[in-house]
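Thanks for coming. I have one structure to show today, and I will keep it brief.

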Amino acid sequence: MESASDPLAGLGEDRDWTTEVSRAALQRKRAAGPCEACGVTDWRVAPDVVVVSALDPVGRFVSGRGFDAVAVYCRHCGLLRLHAASVLFRDP
Ligand SMILES: [Zn+2]
């Protein structure tokens with residue numbers, strides 16, 4: 001059985017659900033205020049969790065190293081933010 005105790009196990013499988021879970025987490029963490037660049041509050045949560053991969057000193061992809069992130073961008077100016085999923089979805 002797939003880790004039924006992990007409430008985030010389904011992230012990425014249902015894009016609408018992922019977006020809503022991410023949006024709720026951003027609100028809970030008070031990370032949905034005005035854009036740091038333009039001052040407008042009009043964020044869009046990307047429907048996919050992204051992976052930020054690690055590179056070795058010569059720029060090669062390092063398998064298994066990096067982190068999952070929630071991408072959020074300002075619909076007014078395009079500022080892009082990445083929130084580490086392991087922190088964003090952690091309680092409280
Ligand atoms: Zn902005």
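I will go through the metal site and then the nonpolar core. Keep in mind that this is a predicted model.

Start with the zinc ion. Its donors are the SG atoms of Cys-35, Cys-38, Cys-74 and Cys-77, at 2.3 to 2.4 Å. What is the geometry of the site? It is tetrahedral, with angles of 104 to 115° among the 4 donor atoms. For reference, the ideal angle for four tetrahedral donors is 109.5 degrees.

Along the sequence, the spacing of the donor residues reads C-x2-C-x35-C-x2-C. Cys-35 and Cys-74 are 39 residues apart, and this pair links distant parts of the chain. Cys-35 lies in the loop between α1 (15-28) and β1 (43-55), whereas Cys-74 belongs to strand β2, residues 61-74.

Cys-77 has a relative accessible area of 39%, so it is partly exposed. As for disulfides, a search of the whole structure gives 0.

Now the core. The largest nonpolar core has 13 residues, and those touching the most other members are Leu-26, Trp-43, Val-45, Val-70, Val-72, Leu-88 and Phe-89. At least two residues of this core come from each of α1, β1, β2 and α2 (85-88).

Beyond its neighbours within four places in sequence, its contacts include the zinc donors Cys-35 and Cys-74. Also among them are Val-72, Tyr-73, Leu-79 and Arg-81.

Terms used
Residues are numbered from 1 along each chain as its sequence is written. This is a predicted model: local features need pLDDT of at least 70, side-chain atom pairs count only at pLDDT 80 or more; totals for chains, interfaces and linings use all residues. Side-chain values use heavy atoms; hydrogens and water are left out. Donors are N, O and S atoms within 2.8 Å of the metal (3.2 Å for Na, K and Ca); water is not among the atoms, so sites may look incomplete. Four donors count as tetrahedral if all angles lie between 85 and 135 degrees; four count as square planar and six as octahedral if opposite donors are over 155 degrees apart and all others between 65 and 115; anything else is irregular. Helices (H or I, at least four residues) and strands (E, at least two) are DSSP runs, numbered from the N terminus. A nonpolar core is a set of buried Ala, Val, Leu, Ile, Met, Phe, Trp, Tyr and Cys residues joined through side-chain atoms within 4.5 Å. Buried means under 20% relative accessible area, exposed over 50%, partly exposed in between (1.4 Å probe, protein chains only). Contact means heavy atoms within 4.5 Å. A disulfide is a pair of cysteine sulfur atoms within 2.5 Å.
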